[in-house]
Amino acid sequence: QRTRIDIVSIFPAFLDVLDLSLIGRAREDGLIDLRIHDLRDWAHDRHRTVDDTPLGGGAGMVMRPDVWGEALDAVLAGGPEAPGAGRAVLLIPTPAGEVFTQRTAEDLARADRLVVACGRYEGIDSRVPRHYAARGFEVRELSIGDYVLNGGEAAAIVMIEAIARLLPGVVGNPASVLEESHSAAGLLEHEALTRPVAWRGLDAPEVLLSGDHARIARARRDEALARTAARRPDMIRALDPATLDSQDRTT
Ligand code: SAM
């Protein structure tokens with residue numbers, strides 16, 4: 001069935017890139033029903049204000065809970081128990097959230113509906129996620145990494161792209177999303193090489209031309225283990241020993 005994704009932002013044009021490439025195609029093919037909303041449509045004053053100064057003082061502006069409340073009530077209409085609603089997740093990008101990983105993407109790819117609330121300024125009033133969680137919605141405050149962006153739109157694009165490519169039919173060859181860095185094997189993927197075999201004095205490993213699939217698989221696995229150990233020792237430490245085979249060397 002198709003996944004419905006709603007994004008609420010004060011910069012809807014920022015999300016125009018979701019018309020392009022695989023996500024654009026998935027929308028055209030009806031695999032994803034993606035709708036973008038302008039938060040200011042739920043503001044009431046002449047200036048369409050969505051923010052106010054922080055309670056307690058300090059720098060910057062905070063996004064108002066009343067405006068966000070009206071917007072999210074409208075977009076989430078029907079409530080968590082609405083018949084046919086399926087699993088709806090309210091996703092709030094924030095650098096103060098739990099870190100979004102491939103596991104998070106796999107989990108959210110199983111949702112029927114995602115509603116993404118993009119913050120700006122100092123973020124959305126903290127009572128907003130609390131309110132929707134108390135009403136029974138599944139609320140996920142997620143960070144795409146330990147750095148601070150100006151707004152949630154770029155983070156929303158990152159998360160939606162990672163989630164959407166796991167949906168059936170979005171990526172042409174389903175095998176290509178299973179054997180990648182950060183997939184279930186818990187390793188970085190082996191290096192990628194194509195023709196020409198010799199390029200600027202660099203030769204591709206001979207084994208890749210051997211046609212011997214077992215040898216190629218072994219060489220690729222050895223290379224994946226070696227580059228994971230070199231680049232991401234934390235991933236080697238986190239490996240589940242049950243995923244290793246008897247010929248694997250992890251040191
Ligand atoms: N004052 C907030 C704090 O220190 O936690 C940062 C607000 S940030 C300038 C504005 C918005 O950008 C956030 O509300 C969020 O939507 C988005 N954002 C910034 N960094 C992010 C990150 N690492 N992951 C996800 N969203 C992020």
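**Helix pair.** I looked up helix α2 (residues 65-75) and helix α4 (residues 127-134) in this predicted model. Axes here are lines fitted to C-alpha atoms over the stretch in contact, and angles run from 0 to 180 degrees between N-to-C directions. The pair is therefore oblique, the class left after angles under 35 degrees (roughly parallel), over 145 (roughly antiparallel) and 65 to 115 (roughly perpendicular). I noted a right-handed crossing of α2 and α4, meaning that the near helix is turned clockwise from the far one by less than a right angle.

**Conventions.** Residues are numbered from 1 along each chain as its sequence is written. In this predicted model, local features need pLDDT of at least 70 and side-chain atom pairs pLDDT 80 or more, while totals for chains, interfaces and linings use all residues. Helices (H or I, at least four residues) and strands (E, at least two) are DSSP runs, numbered from the N terminus.

**Domains.** I found domain 1 (3-173) and domain 2 (179-243) in the domain assignment, which is automatic or from a database. Their centres, taken over C-alpha atoms, are 36 Å apart.

**R231.** I placed R231 in helix α6 (residues 213-231). R231 has 12 C-beta neighbours inside 10 Å and so counts as exposed (12 or fewer; buried is 20 or more, partly exposed in between, with C-beta atoms placed from the backbone). From R231 to L18 I noted 213 residues in sequence and 31 Å in space, C-alpha to C-alpha.

**Ligand.** I listed 19 residues around the ligand, with P93, G119, G123, G152 and A155 nearest (C-beta atom, placed from the backbone, within 6 Å). β5 gives the largest share, four residues.
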